[in-house]
Amino acid sequence: KTLEGMEYVALVHPAERDEARQRMLALLASDIPSVDSDRRYWRVDGSEFWGHLTGQRFYDVDGAERGLIGVIADVSARKIAEDQLQRQNNVLNAVVESFPGGISMVDGDLRVVTYNNQFKKLLDFPDSLFKKQVLHFEDFIRFNAERGDYGPGDKEEQVTALVARARKFEPHQLERVRADGTVLDIRGMPLPDGGFVTIYMD
């Protein structure tokens with residue numbers, strides 16, 4: 001009963017009320033069919049929480065519009081977990097980028113999930129290689145094979161063999177001499193959930 005007669009946006013955190021009002025007006029004007037979003041709300045006692053709003057029009061059995069119905073679920077725990085994860089990711093990204101050598105990480109499907117600028121520099125990879133929406137370990141292996149980094153031989157056989165070896169997710173350490181004379185110490189370590197992280201030191 002306490003909420004009866006209150007404007008919906010009065011329940012929204014003041015910092016987000018203008019946006020909430022515009023979205024509600026757009027819904028009423030049929031500009032958008034429904035609302036599905038996270039935002040901060042205020043409880044009647046003045047405390048704050050994150051809520052997920054799902055709202056849409058509702059109609060009677062004759063098809064006549066009768067108003068709007070909205071469901072607000074408290075998702076504070078999820079938002080807190082997401083914020084903590086984002087902070088951890090920011091710290092990890094800072095560590096990876098400040099590492100003095102190259103770093104790359106791939107997942108269990110050999111998709112590249114992170115790398116730093118030193119990785120690109122030490123292995124002399126062009127920026128164009130990183131424009132793909134999804135990068136795979138094989139993309140780098142194929143590029144290396146095509147420019148002759150693995151010596152003479154069938155390029156496809158080289159790629160197939162190296163990708164197959166990577167799929168074993170075993171620890172490895174090797175030295176590789178690049179065409180420019182740079183000697184790289186390469187060490188790879190498998191990750192608990194599949195994939196591996198590799199470091200490259202000059």
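1. A contact here means heavy atoms within 4.5 Å. On that basis, residues 24 or more positions apart account for 36% of the contacts in the chain with a separation of 6 or more.

2. This is a predicted model, in which local features need pLDDT of at least 70 and side-chain atom pairs count only at pLDDT 80 or more, while totals for chains, interfaces and linings use all residues. Residues are numbered from 1 along each chain as its sequence is written, and side-chain values use heavy atoms, with hydrogens and water left out.

3. The chain has five helices and eight strands, where helices (H or I, at least four residues) and strands (E, at least two) are DSSP runs numbered from the N terminus. Their order along the sequence is α-β-β-β-α-β-β-α-α-α-β-β-β. The radius of gyration, taken over C-alpha atoms, is 27 Å, well over the 17 Å from the globule rule for 202 residues, so the chain is more spread out than a compact globule. That rule is 2.2 Å times the number of residues to the power 0.38. The C-alpha trace spans about 80 × 40 × 30 Å along its principal axes.

4. Of the 202 residues, 31% are buried, meaning under 20% relative accessible area with a 1.4 Å probe, protein chains only.

5. Phenylalanine 140 lies in helix α4, residues 137-146, and counts as buried because its relative accessibility is 5%. Apart from neighbours within four places in sequence, phenylalanine 140 contacts Val112, Phe119, Phe125, Leu129, Phe130 and Leu135. Between phenylalanine 140 and phenylalanine 130, ten residues apart along the chain, the C-alpha separation is 9.7 Å.

Key
Buried < 20%, exposed > 50% of the residue type's maximum accessible area, 1.4 Å probe, protein only.
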